[in-house]
Amino acid sequence: MSRPIAESVCDLLNRLGMPAVFLGEVGSTQDEGLRIARGGCSPRMVVTAVSQVAGRGRQGRVWISPQGGFYASLIACPVDEPPAGLTVRVGAAVVDSLRRGGVTEAVLKWPNDCLVGGRKLCGVLAEFFPRDRCLLVGVGLNVEQVPHLDLARELPGGYDASCLAGLGDFDQVELCAGVMMAVSGAVDAAMAGEDFDVDLVNSMLWSTGPVSAGSLSGMVEGLDASGRLLLRGHEGTIACVEFGEVRDACRH
Ligand code: BTN
């Protein structure tokens, strides 16, 4: 049987100086990350797993996680509060890293989904545990297959899924390790209050509209300096989306 990608990525991360542990099947790497943080660990550390039986997505969704995908969580501790704009910064860092690794068509669906050809390749879940002063940033990347396809069809916006293997002949281990290093870099930059490169992130956005978010709708104008999504309405008014899920109007 071939070596699990999570194990190879873990080895590469350790060689790159990022402490990383490799686990077999887990409930969720987020839960494992919290358990490790509670026991004491490096300020930045990655936990990877072969598969998850209780993988979590954003907005209370399930992330189906069989073998053949990449599942990892970055542990950041101690953290007193999640830095402003963290979610979109991390999403942008993931997309940037994938583009640099050759997935040139990767785009950012605000705030932190990565799409290729209108299909979801990678999702990010940031969770903060104040009592443990622990921030966890989980990454799920479809590598060999698109296990959550049926679920994805039910997602807001009706997104199908894509996988790395279906997109080209990439060095999958380097790509996944690069993504986790980029996530760590984005967390560091956000914690240090570094400026956010709005133009770069705007150049990665998935759409120029029309979209809706809750009661707001309009054409995607871009992000503001805090990473909020700006929508231009019919009369030229600008609405600002701070949280939540964006739907592409043309996909309804
Ligand atoms: C989403 O797009 O809804 C976010 C998906 C995040 C999935 C990853 S897989 C590794 C980590 N562990 C989890 O339980 N979830 C995240």
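Helices (H or I, at least four residues) and strands (E, at least two) are DSSP runs, numbered from the N terminus. The model is predicted: local features need pLDDT of at least 70, side-chain atom pairs count only at pLDDT 80 or more, and totals for chains, interfaces and linings use all residues. Residues are numbered from 1 along each chain as its sequence is written, and side-chain values use heavy atoms, with hydrogens and water left out.

Arginine 44 belongs to strand β2 (residues 44-52). Because its relative accessibility is 18%, arginine 44 counts as buried (buried is under 20% relative accessible area, exposed over 50%, partly exposed in between; 1.4 Å probe, protein chains only). Beyond its neighbours within four places in sequence, arginine 44 has contacts (heavy atoms within 4.5 Å) that include Met18, Leu74, Cys77 and Asp188.

Salt bridges (a side-chain nitrogen of Lys or Arg within 4 Å of a carboxyl oxygen of Asp or Glu) number 15 in the whole structure. One of them joins arginine 3 to aspartate 11 at 2.5 Å, N to O, and a network of salt bridges links Arg3, Glu7 and Asp11. Arginine 3 is partly exposed at 45% relative accessibility, as is aspartate 11 at 30%.

Another salt bridge pairs arginine 38 with aspartate 132, their closest N and O atoms 2.9 Å apart. This pair links distant parts of the chain, 94 residues apart: arginine 38 lies in helix α2 (residues 29-39) and aspartate 132 in the loop between β6 and β7 (134-141). Arginine 38 is exposed, with a relative accessible area of 54%, whereas aspartate 132 is partly exposed at 27%.
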